[in-house]
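I opened the model today to look up a few things about its charged pairs and its helices. My notes follow.

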Amino acid sequence: MTGRVDGRRPNPWLMLTAAMAAQVTATAIVSTPLLLIPFLHLDQGLSLVASGGLAAAPTVGTLLTLVAWGAVVDRVGERISLTAGLLILVAGSAVALTGARADEATLLAAGFALCGVGASSSNSASGRLVVGWFPAERRGLAMGIRQTGLPLGVGLAALVVPGWADQRGIASVVGLCVGLAVVSTIFVGLTVVDPPRPRSSDPVAAANPYRGDVRLVRIHAASALLVIPQYVVWSFMLLWLIDRHGWSAAAAGALYAGSQVLGAAGRVGAGWWSDRVGDRLGPMRQVATAATVVMVALAAFDATPLAIAVMVVAAVVTVAPNGLAFTAVAEIAGPLWSGRAFGIQNTGQYLTAAAVPPLMGAVIQHAGYGWAFAGAAIFPLFAIALVPVATRR
């Protein structure tokens, strides 16, 4: 594509809005089974390990297809990839709705796994859309805003899922997912314009960024470690508030949603910070240090009223490094490789994220929340050493 509409350059902020719409939609839908854990465990009597397995179903679907989606984006562009992924979200939600209405847990899980397949397109395509339409001096801020799609999507689901599940049942919640996917598919399909890119015959742009350069591999590894405390907080904050501190489902959902909004602001702030200092990975290392400290504090104050405030801080800090890593990956990989690099980046993150709900659920069930929080603090500590110093080739 030319990257223009009727000879005119599209508004970058409109492209960012479309990227956000795709990301928020995908995140809200794949977060739905995660937020059903309290309902399934406390009301339906499902074990934490089993309900955690259902929550991991979208993540499994996502991680199996991320690299493939990245290759598709590199080949056919952002608009087709985003629209196709959202159509798969519609189909997956419909399958999950059928499973919910028939009370078939296997079909429900299969539907959400298919949703994960569709959601993985937005991880690569929406990131490339933002990087392609924004210059380097505004890219950190723009990518930080785009990355708010994850916490905002989780926050949107947190506002709706717990209360609707309690009052109307799982099928009603999944029906909302179908409607949201349909609306976003139409909006993105009508709005997105692919950004210009260099020709594949350009030897510099086409060069493999992994050859002779370990920085991308180190960023991937560090990001995979940093996602563990993030998913511990995302997976169990709601249950922890209800089970450990006696909050109602509605109150816990409201705080959860509020913490996601704050997390979104943290991502924007981290992106703005990286633009100001002209570096992505220096700030990423400092945020990893903060994540280690806050998870240790959460373990120490687990049973006290102060833990509520610490948990909110953890929800902000643990999501902050993601946009920094994505921007660095795009800048190092270049426009002809960034789709695949995003796919590899996300595969590592989702592979570790898929293991968090069932494994940490087992830790909580047998040893308590404090031990789970303390264990999660180990991983960002190792990530600090892995993050490279320089960001650009």
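I began with the term salt bridge, which is a side-chain nitrogen of Lys or Arg within 4 Å of a carboxyl oxygen of Asp or Glu. I noted that this is a predicted model, in which local features need pLDDT of at least 70, side-chain atom pairs count only at pLDDT 80 or more, and totals for chains, interfaces and linings use all residues. Residues are numbered from 1 along each chain as its sequence is written, and side-chain values use heavy atoms, with hydrogens and water left out.

Entry one: salt bridges.
I found four salt bridges in the structure. Arg 280 and Glu 331 meet through their side chains in one of them, at 2.8 Å from N to O. Arg 280 is in the loop between α12 (249-277) and α13, and Glu 331 is in helix α15 (residues 321-333), so the pair ties together parts 51 residues apart in sequence. Helices here are DSSP runs of H or I with at least four residues, numbered from the N terminus. Asp 275 also forms a salt bridge with Arg 280, with the closest N and O atoms 2.8 Å apart. I wrote down Asp 275, Arg 280 and Glu 331 as a network of salt bridges.

Buried means under 20% relative accessible area, exposed over 50%, and partly exposed in between (1.4 Å probe, protein chains only). Glu 331 is buried too, with a relative accessible area of 15%.

Notes: Helices (H or I, at least four residues) and strands (E, at least two) are DSSP runs, numbered from the N terminus.
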